[in-house]
Amino acid sequence: MTLYKLTLLLHSGFRYIVMVLLLLAVLQSFAGWLSKKEYTEGNRKLNLFALISAHTQLLIGLALYFISPFVVFAKETMHEATARYWTVEHISMMIFAIVLITIGHSKSKKETLPENKHRTIAIFYTLAIIVVVVAIVQSKRAFFGMSN
Ligand code: HEM
């Protein structure tokens with residue numbers, strides 16, 4: 001197996017960890033926000049792990065970006081849908097999603113009321129999930145499944 005295939009497999013598989021952690025964080029934050037619950041140590045950890053997983057995925061993605069044959073820097077890139085997607089669109093949308101997660105996490109930390117902490121995570125992480133889902137759908141690859 002080549003380094004490229006290995007990195008692709010890692011990045012592809014890691015999406016599930018990121019998505020599951022984000023989904024769990026969103027569910028708990030909506031529950032906490034709407035039912036005005038305490039902001040527990042468990043809440044804090046899950047929100048942090050979701051952030052860390054997104055940053056890890058960013059690093060794997062960056063490594064992949066420089067070895068993937070789908071990333072092409074050429075005159076034709078912008079006219080060719082697949083090359084444009086992997087060279088420009090995927091990286092832009094995913095970094096945007098990760099920025100939303102990072103801002104949401106840091107804003108939530110600065111809030112003092114539990115309700116506001118939950119609300120900030122709920123809003124920013126939900127927006128991030130939407131961006132990630134749209135990006136994966138636009139890739140035209142299977143939403144659940146890995147390339148080989
Ligand atoms: C939350 C963040 C991200 C998620 C959920 C995600 C998800 C994915 C998925 C599902 C694939 C397709 C894998 C397959 O076909 O098996 C993929 C491929 C790829 N991603 Fe990401 N990605 C993320 C962030 C990034 C970032 C930030 C970069 C670049 C810096 C990046 C670069 C790539 C590249 C280059 C490919 C490979 C195309 C190929 O060679 O087949 N990704 N990503």
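Figure 1. The ligand is surrounded by 23 residues, and the closest are Tyr 4, His 11, Ser 68, His 90 and Ser 147. A residue counts as near a molecule or strand if one of its heavy atoms lies within 4 Å of it. The ligand takes up the space of the largest pocket. Helix 1, helix 2 and helix 3 are the elements that give two or more residues to the shell around the ligand. Helix 2 gives the largest share of that shell, six residues. A pocket is found on a 1 Å grid over the protein atoms alone: it is an open set of points where a 1.4 Å probe fits, with protein on both sides within 12 Å along at least five of seven lines. A molecule sits in a pocket if more than half of its atoms lie within 2 Å of the grid points of that pocket.

**Figure 2. Helix 2 and its buried residues.** Helix 2 covers residues 41-65, and its 25 residues reach 36 Å from the first C-alpha to the last, close to the 36 Å expected at 1.5 Å a residue. That expected span is 1.5 Å times one less than the number of residues. Among the buried residues of helix 2 are Leu 46, Ala 50, Ser 53, Gln 57 and Leu 64. Buried means under 20% relative accessible area, exposed over 50%, and partly exposed in between (1.4 Å probe, protein chains only). The buried residues of helix 2 pack against helix 1 (3-34), helix 3 (81-110) and helix 4 (114-138). Thr 56 also lies in helix 2, but Thr 56 is partly exposed, at 30% relative accessible area. The C-alpha atoms of Thr 56 and Val 18 are 9.1 Å apart, although 38 residues separate the two along the chain.

**Figure 3. A look at Ser 12 in helix 1.** Ser 12 counts as buried because its relative accessible area is 11%. Leaving out residues up to four places away in sequence, Ser 12 touches Gly 145 and Met 146, where contact means heavy atoms within 4.5 Å.

**Figure 4. The whole protein, four helices and zero strands.** Helices (H or I, at least four residues) and strands (E, at least two) are DSSP runs, numbered from the N terminus. Of the 148 residues in the protein, 42% are buried. Lys 140, which follows helix 4, has a positive phi near 65°.

**Notes.** Residues are numbered from 1 along each chain as its sequence is written, and side-chain values use heavy atoms, with hydrogens and water left out. In this predicted model, local features need pLDDT of at least 70 and side-chain atom pairs count only at pLDDT 80 or more, while totals for chains, interfaces and linings use all residues.

Conventions:
1 Å grid on protein atoms, 1.4 Å probe; cavity = no way out; pocket = protein on both sides within 12 Å on 5 of 7 lines; lining within 4 Å.
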